[in-house]
Amino acid sequence: MARLGISVYPEHDSMENIKAYIDLASKYGFSRIFSCLLSVEGKTKEQLIEEFRDLNDFAHEKGMEVFLDIAPYVLKRLGVEWNDLQFFKDMHADGIRLDEGFTGMEESLMTTNPQGLKIELNASPLNDYIDNVCSHHPDRAHLTTCHNFYPMRYSGLSLDHFRKCNEKIKANNLPIAAFIGSNNPEAFGPWPVKEGLVTLEDHRDLPIDAQARLLIAEGNVDDILIANCYPTEEELKELSKLQPGILNIKPVLEKELTEVERKILYEHPHFVRGDMSEYSARSTMPRITFADESIAPANNRPIKRGDLIIFNDGYGRYKGELHVVLKDMPADERKNVIGHIPPEEMHLLDALKPFAPFKVIE
């Protein structure tokens, strides 16, 4: 994951509230903004330029990049030609996202626009559209992709579809953005439907940080954007704790941690041992760091897939190892079950590969 981002919809709220949100998000490390022109109606080009220029200038002051969602019919409505993007430059946008595209040739030529705008393609259809655009030799420095979000329950992408789309996109060496949704009941998007706003259907109703951790675990999502607004400050704070680029695991604890167990779990760097077993992903270095510390036996229940265990004093030289369990095992008095990964986050285990780093967060 390269960046966290937010979405704003000026047609639905005051500029004062939107700027306050941008300011707050920037303090938590967010650096990208998505906004939508698909749902904007009844405004002239001049009104849109004035409104969005003010918004985009403020976003730039906060270190944020701004993309505007459009489609051919939006360009036609505004009287803007695909080969003259000065209108968006006048708005001080950084890029435009094509929710719907052209024939491939146009998109490729758009990446060479003299205004320097980035062109973002819709990543969600599973077809040869992006391959076609890339076959026309675009300026890849100005080409990126972003998935859709889905306001209507049961309409979001399946994980299988999402992975197939991403595989094709990464074959073309393009960045990928995807959306997660706030669980704030008052959060809204561009359309009058409040059933969550996510790219993946399985993420709807999950805690927002779990949605992000699952996207990070896919290993090929570069930017993660909150689709609806406004998330709570606590949601922004939870997302800011995540470490980009590696697997982030947040277990449900089953015991009160000792000081040593807490340091092993949350403070020690972890990576999967290279000679990986089918039963667990082992982080072995803590056994060296804490070789002189005592770890008493506790919570020695039967071990299940998704458990996190720390070896106690009974295991001698292996004391202090942290294991993420991949396959059920019988109870062992030498292994303390610290907690477990929630059932809806078990996909995280797929990202545990030999030598892969991971982080455990509170």
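Predicted model: local features only at pLDDT ≥ 70, side-chain atom pairs only at ≥ 80, totals over all residues.

**Stop 1: a pair of helices**

Select residues 208-218, which form helix H8, along with residues 233-240, which form helix H9. The two pack with their axes 9 Å apart, at an angle of about 30°. Since angles under 35 degrees count as roughly parallel, that makes H8 roughly parallel to H9. Look at the handedness of the crossing too: H8 and H9 cross in a right-handed way.

Now bring up the side chains where they touch. On the H8 side you want Ile-208, Asp-209 and Ala-212, and these meet Glu-235, Glu-238 and Leu-239 of H9. Colour that contact by residue type and you get 3 nonpolar, 3 charged and no polar residues.

**Stop 2: out from Asp-209**

To reach Lys-250 you move from helix H8 to the loop between strand S9 (247-249) and strand S10 (252-253), so to speak a hop between distant parts of the chain, 41 residues apart.

**Stop 3**

Select Ile-180, in strand S7 (residues 176-180). Ile-180 and Ile-208 are 28 residues apart in sequence, yet their C-alpha atoms are 6.8 Å apart in space.

What is in contact with Ile-180, leaving aside neighbours within four places in sequence? Among the residues there are Ile-208, Gln-211, Ala-212 and Leu-215, and also Leu-239. Leu-197 and Val-198 touch Ile-180 too, as does the run of Ile-224, Leu-225, Ile-226 and Ala-227. You've already seen Ala-212 and Leu-239 at the contact between H8 and H9.

**Stop 4: salt bridges**

Pick Glu-65 and Lys-118, whose closest N and O atoms are 3.1 Å apart. Glu-65 sits in strand S3 (residues 65-70) and Lys-118 in strand S5 (residues 118-122), so the bridge ties together parts that are 53 residues apart in sequence. Glu-65 counts as buried at 14% relative accessibility, whereas Lys-118, at 28%, counts as partly exposed.

Next, jump to Glu-321 and Arg-287, another salt bridge, with the closest N and O atoms 2.5 Å apart. Glu-321 is in the loop between strand S13 (307-311) and strand S14 (322-325), and Arg-287 is in helix H11 (residues 286-289), so to find both you'll be looking at distant parts of the chain, 34 residues apart. Buried or exposed? Both Glu-321 and Arg-287 are buried.

Before you leave the charges, select Arg-3, Arg-32, Glu-65, Lys-118, Glu-120 and Asp-223 together. Salt bridges with shared partners join them into one network.

**Stop 5**

Most residues other than glycine have a negative phi, and most peptide bonds are trans. Here are some places to check against that.

Zoom in on the link from Cys-229 to Tyr-230: that peptide bond is cis, with omega near 10°. You'll find Tyr-230 in the loop between strand S8 (223-226) and H9.

Then go to His-137, in the loop between helix H6 (129-135) and strand S6 (143-146). His-137 is not a glycine, but has a positive phi of about 60°. At 70% relative accessibility, His-137 counts as exposed.

Carry on to Tyr-154, in the loop between S6 and helix H7 (159-171). Phi is positive here as well, near 75°. Tyr-154 is exposed, with a relative accessible area of 72%.

**Last stop: Ala-281**

Finish in strand S12 (residues 280-283), where Ala-281 lies. At 0% relative accessibility, Ala-281 counts as buried. Show what surrounds Ala-281, skipping residues up to four places away in sequence, and you'll pick up Val-272, Met-276, Leu-322, His-323, Val-324, Leu-326 and Leu-352.

Terms used
Residues numbered from 1 in each chain as written. Heavy atoms only, no water. Axes fitted to C-alpha atoms, helices over the stretch in contact; angles between N-to-C directions. Helix = DSSP H or I, 4+ residues; strand = E, 2+ residues; numbered from the N terminus. Parallel < 35°, antiparallel > 145°, perpendicular 65-115°, else oblique. Left-handed = near helix turned anticlockwise from the far one by under 90°. Contact = heavy atoms within 4.5 Å. Nonpolar A, V, L, I, M, F, W, Y, C, P; charged D, E, K, R; others polar. Salt bridge = Lys/Arg side-chain N within 4 Å of Asp/Glu carboxyl O. Buried < 20%, exposed > 50% of the residue type's maximum accessible area, 1.4 Å probe, protein only.
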